[in-house]
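Dear colleague,

Please find the structure and its sequence below. A summary of the findings follows.

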Amino acid sequence: MSGPERITLAMTGASGAQYGLRLLDCLVREDREVHFLISKAAQLVLATETDVTLPAKPQAMQAFLTEYTGASAGQVRVYGKEDWMAPAASGSGAPGAMVVVPCSTGTLSAIATGACNNLIERAADVTLKERRQLILVPREAPYSTLHLENMLKLSQIGAVIVPASPGFYHQPQTIDDLVDFVVARILNLLDIPQDMLPRWGEYHVGNDE
Ligand SMILES: Cc1cc2nc3c(=O)[nH]c(=O)nc-3n(C[C@H](O)[C@H](O)[C@H](O)COP(=O)(O)O)c2cc1C
């Protein structure tokens with residue numbers, strides 16, 4: 001199996017909840033164990049942007065997401081915002097990689113300062129201190145200097161910033177195609193197989209000039 005077997009997936013309150021849901025779906029299909037964290041704001045965004053309303057309590061949310069994605073029992077694990085005993089809260093138990101998608105500018109700032117005020121922030125801090133892969137997918141427009149400084153700082157200490165800005169060279173026909181563009185980029189970075197988006201060069205039909 002290429003890529004990490006266990007992944008922390010955190011959804012925060014930036015627009016683009018579909019990216020997080022689609023990534024969860026892909027990770028489940030690729031037989032990964034997903035430690036799922038979601039902020040209160042992200043639950044509101046999710047209810048605003050999609051037809052999905054998650055149950056509030058972690059246990060009920062886990063049952064819901066297991067059924068929603070068709071995951072096997074225990075494959076999707078949901079932890080609450082102050083569950084400091086969760087595997088992701090410590091270097092000895094944390095999954096091999098973490099993705100925050102979508103990543104709000106608030107959570108971006110908290111990760112950049114090492115705030116650790118909730119499990120999402122702590123899990124990101126652990127991922128950085130353990131020198132594991134941390135992928136952040138921010139969305140805001142325009143970005144302030146503060147947002148850009150936080151992204152620069154995080155990039156310099158090893159996080160990968162993947163802006164939620166799909167390309168159009170694959171000629172998207174639907175919103176799902178746009179969502180898949182960003183999710184495919186995340187999966188490529190994680191070295192997890194995906195067939196949603198050909199790699200660059202595979203579009204090339206040849207030009208002998
Ligand atoms: C519908 C909706 C859309 C939002 N879109 C964004 C956004 O695109 N980017 C962002 O950084 N914050 C956005 N926000 C604001 C964040 O949700 C808010 O700053 C929140 O405190 C973030 O908390 P969290 O980081 O704990 O999820 C949005 C809020 C709502 C309700």
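Which pattern does the protein chain follow when read along the sequence? In this predicted model, the order is β-α-β-α-α-β-β-α-α-β-α-β-α, from seven helices and six strands.

As to overall dimensions, the C-alpha atoms of the protein chain fill a box of roughly 60 × 40 × 35 Å along the principal axes. The radius of gyration is 17 Å, which agrees with the value near 17 Å for a compact globule of 209 residues. Of these 209 residues, 47% are buried. Among contacts with a separation of 6 or more, 71% are between residues 24 or more positions apart. The protein chain exposes about 10600 Å², of which carbon and sulfur atoms supply 50%.

Turning to the ligand, 13 residues surround it, and the closest are G13, S39, S104, T107 and R139. By class, this shell holds four nonpolar, seven polar and two charged residues. Helices α2 (40-49) and α4 (105-113) each supply at least two residues of the shell; α2 gives the most, with three residues.

An N or O atom in the side chain of S39 is 2.6 Å from an oxygen atom of the ligand. For S104, a polar side-chain atom lies 2.5 Å from a ligand oxygen atom, and for T107 the corresponding distance is 2.5 Å. The protein covers 64% of the 630 Å² of accessible area that the ligand has on its own.

With kind regards

Definitions and conventions: Residues numbered from 1 in each chain as written. Predicted model: local features only at pLDDT ≥ 70, side-chain atom pairs only at ≥ 80, totals over all residues. Heavy atoms only, no water. Near = heavy atom within 4 Å. Polar contact = N/O pair within 3.5 Å; in protein donor to acceptor, adjacent residues only side chain to side chain. Areas by Shrake-Rupley, 256 points an atom, 1.4 Å probe, with all protein chains shown as cover. Helix = DSSP H or I, 4+ residues; strand = E, 2+ residues; numbered from the N terminus. Nonpolar A, V, L, I, M, F, W, Y, C, P; charged D, E, K, R; others polar. Rg over C-alpha atoms; globule rule 2.2 N^0.38 Å. Buried < 20%, exposed > 50% of the residue type's maximum accessible area, 1.4 Å probe, protein only. Contact = heavy atoms within 4.5 Å.
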